[in-house]
Amino acid sequence: MEAELDTDLRDANGLGAIAVRPGPQGDPLLTAVLAIGGDLRVRSVLDRTVAAAAALTGATRVELTVLGRDGEITDRATAGPDIALAPGIIEHITAAGSAVGTLRAARTDDEPAFTDADAHALAVLATAAGNALGNAHRHERGHRRAEWLRATTEVTAALRTGPPAEDGLALLARKAKEIPDAVLAIVALPHTADTMVLHTVVGLMADELTGARVGLTDSITGDVHSTGRARSFEAVADATERRSARTYSILGSGIGRLGPAAFVPLGAGSRPIGVLIVAKRLGDTPFDDDDLDMISGYATHAALAIEFAEAQQDRQRLALYEERDRIARDLHDLVIQRLFAIGLGMQALGRGAGAPVAAELGGFVSEIDTTIRDIRRSIFSLQEPANGPQSARGDILRVISEATVTLGFEPSVSLDGPLDSVVPPEVQLDLIATLRETLSNVVRHALAGQVMVNVVVDRTATRLSLTVRDDGTGLPAGIGHRGGLTNIARRAERWGGRCVVDSPDGRGTRIDWQVPLHRTGQER
């Protein structure tokens with residue numbers, strides 16, 4: 001073929017055409033074009049382009065600059081010494097119709113000017129570089145997307161199984177830091193109505209930032225959480241200081257070491273459960289729209305996994321409560337009724353038997369009554385939610401359970417009347433405090449082997465009574481109301497009630513604590 005004829009050579013992916021003048025086999029220009037397009041690494045494309053331009057044009061100096069979205073230089077490659085040069089030839093590098101950089105070749109003043117062949121070679125290399133850079137950027141985006149997808153799969157699989165919250169959030173932050181080669185990742189969660197806490201921090205400044213609180217209305221984190229819209233910044237320190245000097249002072253001057261940052265909401269709904277923050281080093285490449293979309297997708301899937309795990313735990317708790325309720329119903333409907341029937345039968349037998357047998361049967365009936373009370377207490381414990389609202393009965397049983405450890409035996413408990421419906425919360429607090437103080441005194445002073453606790457609301461729902469009796473050593477003579485006894489007496493007097501402490505027959509101690517309910521009941 002004639003050397004001056006042109007032919008179109010498409011790059012391997014068909015993304016553009018470049019005019020190449022054919023020549024003898026092993027044409028250097030064709031070889032350079034194929035070499036430039038044969039590597040999908042950005043740095044390799046830049047270095048091969050400037051090396052080929054210097055070799056094919058004989059330029060003393062070749063410079064290739066890559067431009068960012070705002071026209072600033074984001075990358076550069078050079079060949080030859082950095083000396084004073086005469087004006088040379090410049091070709092613009094484009095990819096997908098957009099300018100992405102320039103390729104410049106220059107010589108010194110005493111060197112001959114460039115020829116048309118040199119200019120053509122530089123134009124061909126610029127076109128090849130533009131196509132290769134487009135391919136390289138697409139390849140990098142695809143690679144990053146694949147990494148985010150793998151991380152999303154791993155994190156959601158871990159979070160769905162319901163790991164401890166700390167472990168799950170730490171994994172979420174760690175993966176968010178690793179993929180974009182960031183230096184810091186933070187999971188911020190709502191703390192109060194107007195603050196958020198940096199709950200999980202991985203990477204740079206983790207110790208300083210963990211637990212820091214920022215305002216919901218005067219911080220970028222709060223803005224993202226309130227609006228549900230992701231945001232990115234080229235310099236997070238400057239953006240934070242412009243948004244709020246107070247937030248900047250809370251986070252400390254150390255954030256000046258941070259550069260580009262992405263803030264994305266954790267959640268798929270209108271109200272996120274938190275905010276994921278990812279920050280790079282100062283001077284690193286900013287997050288683009290694709291990066292922001294990929295991080296947002298990762299955060300959305302992670303938030304859905306967290307919500308799924310919480311819903312699963314709620315279902316498990318509901319199933320547990322339903323099973324406990326079924327057991328309680330069975331105990332009440334079957335066991336208690338049978339015991340009650342047995343007790344009635346034994347009482348009937350006792351009426352027709354002799355005195356010794358009747359007394360023995362009466363003892364058995366008393367044991368059955370005690371067993372029924374214990375089963376009723378167990379039924380109530382089963383029906384009391386583990387983390388639900390605290391009822392009077394539930395609080396009393398919890399205090400009894402705590403005292404069992406220090407007493408060495410379980411006190412006998414009797415609960416009667418509508419305790420949960422008519423005892424006001426403020427009176428309930430004093431009731432529980434009195435019971436705890438009384439049992440503590442038994443442990444410290446009484447040397448008792450048996451304790452009986454009786455809590456009653458009378459039939460008219462106008463009086464609450466607490467009676468605690470033990471079989472210990474009794475009260476020392478002249479002790480009066482001192483220390484803890486004074487405290488429980490004052491709690492009764494606060495509500496217009498009374499507290500009587502005595503030792504019947506000089507054996508054991510009896511505390512009778514009573515308060516009226518008519519005033520507080522009317523208020524409720």
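The largest cavity in this predicted model has a volume of about 210 Å³, where a cavity is a set of points on a 1 Å grid over the protein atoms alone at which a 1.4 Å probe fits but cannot get out, and the volume is the space filled by probe spheres set on the points. The structure holds one cavity of 30 Å³ or more. Of the 18 residues lining the largest cavity, that is, residues with an atom within 4 Å of a point, those closest to its centre are Val236, Thr240, Leu251, Phe263 and Ile277. Two or more lining residues come from each of strand E7 (184-192), helix H6 (220-227), helix H7 (236-243), helix H8 (245-251), E11 and strand E12 (274-281), and the largest share, three residues, is given by E11; helices (H or I, at least four residues) and strands (E, at least two) are DSSP runs numbered from the N terminus. By class, the lining has 14 nonpolar, four polar and no charged residues, with Ala, Val, Leu, Ile, Met, Phe, Trp, Tyr, Cys and Pro counted as nonpolar, Asp, Glu, Lys and Arg as charged, and the others, Gly among them, as polar.

A word on conventions. Residues are numbered from 1 along each chain as its sequence is written, and side-chain values use heavy atoms, with hydrogens and water left out. Local features need pLDDT of at least 70 and side-chain atom pairs count only at pLDDT 80 or more, whereas totals for chains, interfaces and linings use all residues.

Turning to the rings, the structure holds two aromatic pairs, a pair being rings of Phe, Tyr and Trp (its six-membered ring) with centres within 6.5 Å, stacked if the planes are under 30 degrees apart, edge-to-face if over 60 and tilted otherwise. Tryptophan 148 and tyrosine 298 form a tilted pair, 5.1 Å centre to centre with 55° between the planes, and this pair links helix H3 (residues 116-160) to helix H9 (residues 289-351) across 150 residues. Both tryptophan 148 and tyrosine 298 are buried, which means under 20% relative accessible area with a 1.4 Å probe and protein chains only.

Phenylalanine 233 and phenylalanine 263 pair edge-to-face, at 5.8 Å and 85°, with phenylalanine 233 in strand E10 (residues 231-233) and phenylalanine 263 in strand E11 (residues 258-266). Phenylalanine 233 counts as buried because its relative accessibility is 14%, and phenylalanine 263 does so at 4%.

Finally, lysine 280 lies over the face of phenylalanine 287, 4.5 Å from the ring centre, where the criterion is NZ of Lys or CZ of Arg within 6 Å of the ring centre and within 35 degrees of the ring normal.

Methods
Buried means under 20% relative accessible area, exposed over 50%, partly exposed in between (1.4 Å probe, protein chains only). On a 1 Å grid over the protein atoms alone, a cavity is a set of points where a 1.4 Å probe fits but cannot get out, and a pocket is an open set with protein on both sides within 12 Å along at least five of seven lines; lining residues have an atom within 4 Å of a point.
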